[in-house]
Amino acid sequence: MSALAYSDAEKGTLEVHSPQLTDPTKGEKKAVDIEVFAVQSLEKDAPVTLPDVAKPPPAPAKSAKKSTPLWVIWVIWYNAYRRFFTVVFVVNFIGIGFAIAGKWPYAARYPGALVLGNLNVAILVRNEIFGRCLYLFVNTFFAKWTPLWFRLACTSTLQHLGGIHSGCAISGVAWIVLMVVHQFKTKYMFNDSILAFGVITSVMLFVTLCAGLPWVRNTHHNVFELNHRFFGWTSLCMTWVYTIVTNAYDTADGKFDHVGRYVVQQQAFWYTVGMSIFIVLPWICTRHVDVDVELPSPKVAVLRFERGMQQGLLARISRSAVKEYHAFGIISEGTHAKHHYLICGVQGDFTKGLVNDPPRKIWTRELKFAGVSNTSTLYKRGIRICTGTGLGAALSTCIQSPYWYLIWIGSDQEKTFGPTISGLIHRHIGPERLLLWDSKVRGGRPPTMKILKEVYDQWQAEVVFITSNYVGNFEIQHGCKEAGIPAFGTLWDFVSDPRLLLLMELRRMRFFSKVSSRIRRGTPCRMPDHPHLVSHPCVFNTMPKVPVPERLEGTGTTRPAE
C-alpha cells in the first residue's frame with residue numbers, strides 16, 4: 001500500500017527552504033575523508049570557505065567524574081519560577097503582618113479586595129488567552145533586534161509565570177483566612193450565614209490549593225486535575241455567595257440592607273466578575289472534533305486533526321468534556337497546512353486507551369496554548385534537542401524555521417514513530433541541520449553534551465531548547481549552564497520515583513553524557529551530508545523507509561504493518 005499523499009495545501013503556504021551548502025565533492029566516493037564545510041554565516045552573502053580536511057580524532061576518552069559546581073545547582077534550582085514566587089509571597093505576607101499589627105487601614109477596610117485581587121492574578125496568568133496575548137506581544141515587538149540577554153529574560157519570564165500563579169494563590173488563601181478569623185473575633189457584628197460561607201469558601205480554596213501541590217500534581221495527576229478543577233469551580237461559586245452576603249450585610253443595624261446597586265459598586269464584586277470571566281473563557285473554546293489515529297507501533301499513537309498551526313503551541317485533549325485533559329506538543333507545517341499532529345507516547349491509562357481503543361472524536365480546546373518554543377522567533381538561530389516523544393513539542397519549530405537545528409535522540413525511531421513523522425522531518429529539514437541518534441542501532445546513548453557543544457559553536461546558535469525526561473533534562477541543563485550555553489528545559493518541580501537517591505547521586509557528578517560502554521568503538525568518521533560534525537562516531541541522519549501501516553476502514557485509524 002502506498003504512502004499517504006500530501007497536497008500543497010497540507011504543506012502550507014510557507015515553503016521552508018533550508019540554507020544548504022553546496023558540496024563540491026558531491027558524487028565523489030571516499031571511505032572516510034570528506035571535505036569539511038563551515039556552517040553558513042549569519043551575515044548576508046558571507047562567503048563560504050573551505051578549510052583544510054580535518055583528520056579523524058582518536059576515539060573519545062572516558063571522562064573523569066567531577067562534582068557539579070554548587071553555583072550551577074543553585075542557579076538552576078532557584079529559577080525564575082521560584083524567584084517570582086518568593087517576591088509575591090514575601091510582599092503579601094509583609095502586608096498581612098502590617099494588617100495584623102493594625103498598621104494598614106486599607107487591609108482592615110477592604111480585606112475582600114486583597115483576597116480576590118490575588119486570586120484574579122493567579123487565574124489570569126494561567127489563562128490560555130492571556131498567555132497567547134503575552135507571547136504575541138513579546139514575539140512581535142522584541143524578536144531578533146533586542147539584546148540577547150533581554151530576549152532570554154523574556155523567554156524565562158513567559159516560561160515561569162507559574163511562580164506568580166502559585167504565589168498569588170497561596171497569598172489569596174492566607175488573606176481570606178485572616179479575613180474570616182477577624183470576622184470570628186468580632187462575630188457579634190456579623191450574621192451567622194456570613195461566618196458559615198466564610199469558612200466554606202476558605203475550606204474550598206484550601207483544598208484546591210492542596211490539590212495543586214507538586215507532589216499531588218506529579219504523582220497523582222488525575223487526582224490533581226479533578227480536585228483542582230472541581231473544587232476550584234466550587235470555590236468560585238462560594239466566593240460569589242460570600243462576596244454578596246458580606247457586602248449586602250449592614251453591620252450597623254444587623255440587616256441585609258445593602259442590596260442591588262450598593263453591592264455592584266464594591267471592589268470585591270468586580271474582582272469576582274473578572275475572576276469568573278478568566279475561568280470561563282478558555283472553556284468556551286472547547287469542541288468535540290474528529291480525529292484520525294495512526295498506530296505505527298504499540299508505544300506511540302499519532303493523532304491527526306484538521307487545521308494548520310503556528311509553531312510552539314500545545315493542545316489539551318480528553319475523552320470527556322470536563323475531565324482528564326492532557327497536553328501534547330503540536331506538529332504542523334504552517335498556519336495554512338491542512339492538518340496538525342500530536343505524538344502521544346503510551347505511558348498512563350489515557351494514552352494506553354488511545355492505542356487499545358482509538359477514538360473517532362475527541363474533546364479539545366480550539367484555542368491552543370503557547371509553550372516556551374513559541375519564543376523561538378525571538379532568536380536568530382537556535383538548537384532544539386529532544387528525546388523520544390519530546391519531538392512533538394520540538395518538530396514544528398524546526399519545520400517552520402530554517403534557522404533551527406534539530407537533535408533527536410530515541411530508540412528505533414523509524415519503526416516507533418512511523419512514516420508520517422519521518423516524512424514531516426525529511427520533507428522540511430535539510431541534513432545540514434538535522435541530527436538523529438537511534439540508540440538501538442548505535443548501541444547506547446550519545447555523548448550528548450559533546451555533540452551539543454559542537455553544534456552550538458558551529459551552528460552559531462543563541463539558545464538551546466530542551467524537551468526530555470527528568471534525568472535527560474537535568475543532565476543537559478546543568479551541562480549547558482556550566483558551559484555558558486543559554487538553555488531552557490522542561491519544568492520539573494517534584495519527582496516521585498524510587499530511583500530518587502540515584503538522581504541525588506547524579507547531582508554530584510558533572511552532567512554531560514559519556515559514551516556508553518555499549519556503543520561500538522570504531523574510527524570516528526564524518527557524517528555524509530553533515531560534514532561539520534567530525535569529532536564523534538558517525539551518527540545516523542537518515543530514517544530508512546518503513547512499511548506503511550494499514551488504515552482500518554471507516555475508523556480513521558491505522559495499525560502497524562506486519
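I began at threonine 364 and looked up its contacts (heavy atoms within 4.5 Å): leaving aside neighbours within four places in sequence, threonine 364 touches Cys285, Thr286, Arg287, Val289, Arg316, Ile317 and Tyr325. I note here that the model is predicted, that local features need pLDDT of at least 70 and side-chain atom pairs pLDDT 80 or more, while totals for chains, interfaces and linings use all residues. Residues are numbered from 1 along each chain as its sequence is written, and side-chain values use heavy atoms, with hydrogens and water left out.

**Entry: threonine 364**

I placed threonine 364 in strand β7, residues 361-365, where helices (H or I, at least four residues) and strands (E, at least two) are DSSP runs numbered from the N terminus. Is threonine 364 buried or exposed? I found it buried, at 1% relative accessibility; buried means under 20% relative accessible area, exposed over 50%, and partly exposed in between, with a 1.4 Å probe and protein chains only.

I then looked for polar contacts, meaning pairs of N or O atoms within 3.5 Å, where within protein one must be able to donate a hydrogen and the other to accept it, and residues adjacent in sequence count only if both atoms are side-chain atoms. A polar atom of the threonine 364 side chain lies 2.9 Å from the backbone oxygen of arginine 316, and the side chains of threonine 364 and lysine 368 are joined by a polar contact of 3.0 Å.

**Entry: the chain as a whole**

I read off 20 helices and 15 strands for the chain, and buried residues make up 49% of its 562 residues. Among contacts in the chain with a separation of 6 or more, 75% come from residues 24 or more positions apart.

**Entry: helix α8**

I checked the length of helix α8 (residues 162-185), whose 24 residues should span 34 Å at 1.5 Å a residue, and its end C-alpha atoms are 35 Å apart, which agrees; the expected span is 1.5 Å times one less than the number of residues. I also noted that α8 is mostly covered, with 17 of its 24 residues buried.

**Entry: salt bridges**

I counted salt bridges next, each a side-chain nitrogen of Lys or Arg within 4 Å of a carboxyl oxygen of Asp or Glu, and the structure holds ten. In one of them the side chains of arginine 304 and aspartate 292 meet at 2.8 Å, N to O. Arginine 304 lies in strand β3 (residues 300-306) and aspartate 292 in strand β2 (residues 292-297), so this pair ties together parts that are twelve residues apart in sequence. I found arginine 304 partly exposed, at a relative accessible area of 22%, and aspartate 292 partly exposed as well, at 24%.

Strand β2 also holds glutamate 294, which is buried with a relative accessible area of 8%, and its side chain makes a polar contact of 2.5 Å with the side chain of threonine 420.

I next followed lysine 440 and aspartate 412, whose side chains meet in a salt bridge of 3.5 Å, N to O. Lysine 440 lies in helix α17 (residues 439-442) and aspartate 412 in the loop between β10 (404-410) and α16 (413-428), so the pair ties together parts that are 28 residues apart in sequence. Lysine 440 counts as exposed, at 57% relative accessibility, whereas aspartate 412 counts as buried, at 15%.

I looked up one further bridge, in which the side chains of arginine 445 and glutamate 475 meet at 2.8 Å, N to O. Arginine 445 lies in the loop between α17 and α18 (448-458) and glutamate 475 in helix α19 (residues 470-483), so the two tie together parts that are 30 residues apart in sequence. Arginine 445 is partly exposed, at 42%, while glutamate 475 is buried, at 6% relative accessibility. Salt bridges with shared partners also join Glu128, Arg316 and Arg365 into one network.

**Entry: aromatic rings**

How many aromatic pairs does a search of the whole structure find? I found 24, where rings of Phe, Tyr and Trp (its six-membered ring) pair if their centres lie within 6.5 Å, and planes under 30 degrees apart count as stacked, over 60 as edge-to-face and the rest as tilted. Phenylalanine 137 and phenylalanine 142 have ring centres 5.8 Å apart and planes at 85°, so the pair is edge-to-face. Phenylalanine 137 is partly exposed, at 44%, and ring pairs link Phe137, Phe141, Phe142, Trp149 and Phe150 into a cluster.
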